[in-house]
Amino acid sequence: MAALGRALRALRVGALRVGTRGRSLGPAGALTAPPVPLGAEPHEEEPMAAAQRKNPDFHGFSADPEADVLNMRAVFFSGVSIAIVLGTVFLHYLPDYGLRQWARREAELQIRDRESRGVPLLDPNYYDPARLPLPPPE
């Protein structure tokens with residue numbers, strides 16, 4: 001438990017100096033404070049932040065503002081155009097899942113057949129009344 005407390009204090013105080021293969025560079029238990037507070041070391045500004053400061057309307061395509069706008073417009077125009085064209089073609093060639101086209105063709109065939117036989121298009125008795133078991137009249 002004492003070792004755990006020492007390790008936590010070491011992490012709060014500063015980073016351990018670590019050499020090759022994770023071995024400490026100093027004597028056992030020796031801690032060195034970092035020269036500057038953690039997170040305060042100077043670092044390079046991120047490229048995206050620098051580009052946004054240079055060009056507030058930065059879209060992420062190029063550091064040059066004109067090329068950035070041109071590339072953004074080209075990508076979005078071609079992307080939307082491709083999505084609309086290919087999406088429309090995809091939807092047009094989907095199979096007839098509702099069977100609406102088949103039902104229409106079948107209905108037209110049935111109408112032609114009934115007209116040629118001289119039978120009414122809609123029969124008032126869909127089922128044969130002689131074959132239906134009806135309750136006795138009261």
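Figure 1. Of the chain's 138 residues, 5% count as buried. Buried means under 20% relative accessible area, exposed over 50%, and partly exposed in between (1.4 Å probe, protein chains only). The model is predicted: local features need pLDDT of at least 70, side-chain atom pairs count only at pLDDT 80 or more, and totals for chains, interfaces and linings use all residues. Residues are numbered from 1 along each chain as its sequence is written, and side-chain values use heavy atoms, with hydrogens and water left out. The chain holds 4 helices and 0 strands, in the order α-α-α-α along the sequence. Helices (H or I, at least four residues) and strands (E, at least two) are DSSP runs, numbered from the N terminus. Contacts (heavy atoms within 4.5 Å) were sorted by sequence separation. Among those with a separation of 6 or more, 0% join residues 24 or more positions apart. The accessible surface is about 12,800 Å², and carbon and sulfur atoms make up 63% of that area. Areas come from the Shrake-Rupley method with a 1.4 Å probe; for residues, only the protein chains shown count as cover.

**Figure 2. Confidence along the chain.** pLDDT is the predictor's confidence in each residue, from 0 to 100. Its average over the chain is 79, and 73% of the residues score at least 70. Where pLDDT is low, the predicted coordinates should not be read in detail.

Figure 3. D64 sits in the loop between α2 (47-54) and α3. D64 is partly exposed because its relative accessibility is 37%. Its C-alpha lies 8.6 Å from that of A51, a residue 13 positions away in sequence.

**Figure 4. A nonpolar patch that includes Y93.** V80, I82, I84, V85, L86, V89 and Y93 make a nonpolar surface patch of about 720 Å². Patch residues have over 30% relative accessible area and no salt bridge; like charges are joined within 9 Å, nonpolar side chains (Val, Leu, Ile, Met, Phe, Trp, Tyr) within 5 Å. Y93 belongs to the loop between α3 (65-92) and α4 (100-117). Its relative accessibility is 63%, so Y93 counts as exposed.

Figure 5. The whole structure has 2 salt bridges. A salt bridge is a side-chain nitrogen of Lys or Arg within 4 Å of a carboxyl oxygen of Asp or Glu. E108 pairs with R104, and their closest N and O atoms are 3.1 Å apart. Both residues lie in helix α4, 4 residues apart, or about one turn of the helix. E108 is partly exposed because its relative accessibility is 32%. R104, at 58%, counts as exposed.

**Figure 6. Salt bridge R117–D113 in helix α4.** The side chains of R117 and D113 form a salt bridge with an N to O distance of 3.6 Å. The two residues are 4 apart in helix α4, so about one helical turn separates them. R117 is exposed, with a relative accessible area of 53%. D113 is partly exposed, at 35%.

**Figure 7. The aromatic pair Y126–Y127.** A search of the whole structure finds 1 aromatic pair. The ring centres of Y126 and Y127 are 5.0 Å apart and the planes stand at 90 degrees, so the pair is edge-to-face. Rings of Phe, Tyr and Trp (its six-membered ring) pair if their centres lie within 6.5 Å; planes under 30 degrees apart count as stacked, over 60 as edge-to-face and the rest as tilted. Y126 and Y127 are both exposed.
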